[in-house]
Amino acid sequence: MSEILRVENLTTRLSARDGSAAAVDGVSFSVHAGRTLGLVGESGSGKSLTCLSILRLLPPALSQAGGSVWFKGENLFDKSPRAMTAIRGGQIGMILQDPMTSINPLFTIGDQVGEVFRYHRGVSGRRNLWARAVETLRRVHIPAAEERVGSYPHQFSGGMRQRIAIGMNVGCEPDLLIADEPTTALDVTIRLQILSLLREIQAARGMAMILVTHDLHLVSRFCDEVAVMYGGRIVEQGPVARVFNDPAHPYTKGLIGAVPKIARHAERLAVIPGQPPLAGEHGAGCRFAPRCAKAQPRCFSHYPDDRRFEDDRRAVACWVPEGLPS
Amino acid sequence: MVSYILRRLGAGLATVLLMTIIIFIIVRLVGDPAHLMLPPEATEADRDLFRQQLGTADPLFVQYLRFLGGLLQGDLGTSFRYGVPALGIVLERLGPSLYLTGTAMAFAVGLGVPLGILSAVRPGGVADQAGRLFAVLGQSAPPFFFALLFIRFFSVELHWLPTGGYGGFSHVLLPALALGWYSAAGLMRLTQANMAEVMDAEYIKMARIKGLPERVVILKHALSNASLPVITFAASQFGILLGGAVSIEAVFSWPGFGKLIVDAISQLDYTVVQAAVVVSAALFILINLVVDLLYAFIDPRIRYGR
């Protein structure tokens, strides 16, 4: 099992007029061929920014402040812009949340799927590009791909559009696919179809995958590893089954406890009290401390180091982890 | 698509007719040519005779029906002042006007749109700074001011270009620059604002994620989406400048359409005013039709919505 991606100490800063704040703060994880890492956390915890940092596509207000991203043994932060263009869409694909807005409304899907072959595979000529597009659309199970290749995005449903977006990103057989909440904007009935499609494509080529989501059910069903983010940091990571059955970080525990269960007739939904911190608006200590029931004085003053356990397969950043001596 | 065009042309025709009714009434409210064109010592009987010769003695609706009858045969009446067909006079001036406005718009689009794109893509960059100065200058002074400035500098001081008159490229250059600057500034601002908005769209992010070269991201994916309002603005500017370039035409003694209309109004030459309005309304409607077809060509949602 080979390591496709290793992110080390990734730090992304948000620059504002009055200084800057770390939106992603020292994040490290790795993804292996054929495996899926689930990146979970609340909105604003830095999940999407981590993914955009990997592709070096941060919005102008954000900048890369440190760390490295090793993709197949090479640091992407050392690459020239031209080399990055070749890697994006060619070797790393990424799917966005809302397929209604992530496809250009003015061009046919054949054109937009064909584009990646034109710029990554040097395919030329409309006929050839459309042939490749049809082939790709079949792979993502667009019915009657041959006839529909000349259709426009608005002629497709949300689920179909997400399939098309997946097609645009896996056409060139990438080694890594980042799926940033790929099903959040879709109907519940469509979600599983999209995820099984991703899994099918992954199985065919042993592609590594990062699945960004805040849906823990999805993580438990589709991911091998999970990394839980809070306030721009990864607070806990490890194999999905282990982390979910036996969470070590109080935040992970709270998250799992907050998932509503239909069978259990609770009077109130379980919640984690308080609000997640904004970038830069937290103290030197653990970002979760203000909301943590187990917080001690040192939790507020010092950020805990990562503690590795269970044969180095798991890690937690907490002064008082569950089930471990503090 | 053909039926759509025919429908639009039909609606356009109705608009032209409505315009003729309005202008027919308004121009007759301005004054009586029998007073203006005859010497003050003429008797009321002379004036009546004159009105009968011009046809302005008849009731308004009779005059209008006569005008419509002529319109159907392509005859818009005879100029009160010159005694030749009014349509001929108007069309004679249309050529120079189209030439001037066309050159001005080519300059406005050719400069305004690229500057707008560059300043949207690199906010705070050289193009953004230069473009801002260019836009502020263009929009802060009337075209005739630049016209006089240009004549003073390029014609009088440097002797590079003629001071005025109708002719080839060297004659049209200065009036076109003076006329087009204002539109160029507007186009630049509009392009910049629309491009800046589009550049934040998810499909632009996706285009970059797909690893497309930046020029493809900007010129294909972003510009196409930002272009619709820009096209509308450019077309409306074209229509406005066509008849509204009076000051520039006056400064450069350019035999244009705008000056013709102003002169015809002050001379109460009803037929020429009517002919000019018919022609410019028809042109305006044609321009708008072309814009709508361009819209449908660019945006499939419009094309398939019909």
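Contact here means heavy atoms within 4.5 Å. Everything below comes from a predicted model, where local features need pLDDT of at least 70, side-chain atom pairs count only at pLDDT 80 or more, and totals for chains, interfaces and linings use all residues. Residues are numbered from 1 along each chain as its sequence is written, chains are lettered from A in the order in which they are written, and side-chain values use heavy atoms, leaving out hydrogens and water.

**View 1. Where chain B meets chain A.** Let us start with the two chains: 22 residues of chain B are in contact with 29 residues of chain A. Together the chains bury about 2,300 Å², 65% of it on carbon and sulfur atoms; buried area is the accessible area (1.4 Å probe) that two parts lose on being put together, summed over both. On the chain B side, Met206(B), Ile209(B) and Lys210(B) lose the most area to chain A, together 30% of what that side buries.

**View 2. A salt bridge between the chains.** Look for Glu115(A) and Lys210(B), which form a salt bridge with their closest N and O atoms 2.8 Å apart. The term stands for a side-chain nitrogen of Lys or Arg within 4 Å of a carboxyl oxygen of Asp or Glu. Across this interface of chain B and chain A, the rule finds three salt bridges.

**View 3. Two domains within chain B.** The domain assignment (bounds from an automatic or database assignment) gives domain 1 (2-86) and domain 2 (92-266 + 283-305). Their contact takes eight residues from domain 1 and six residues from domain 2. One salt bridge is counted between these domains.
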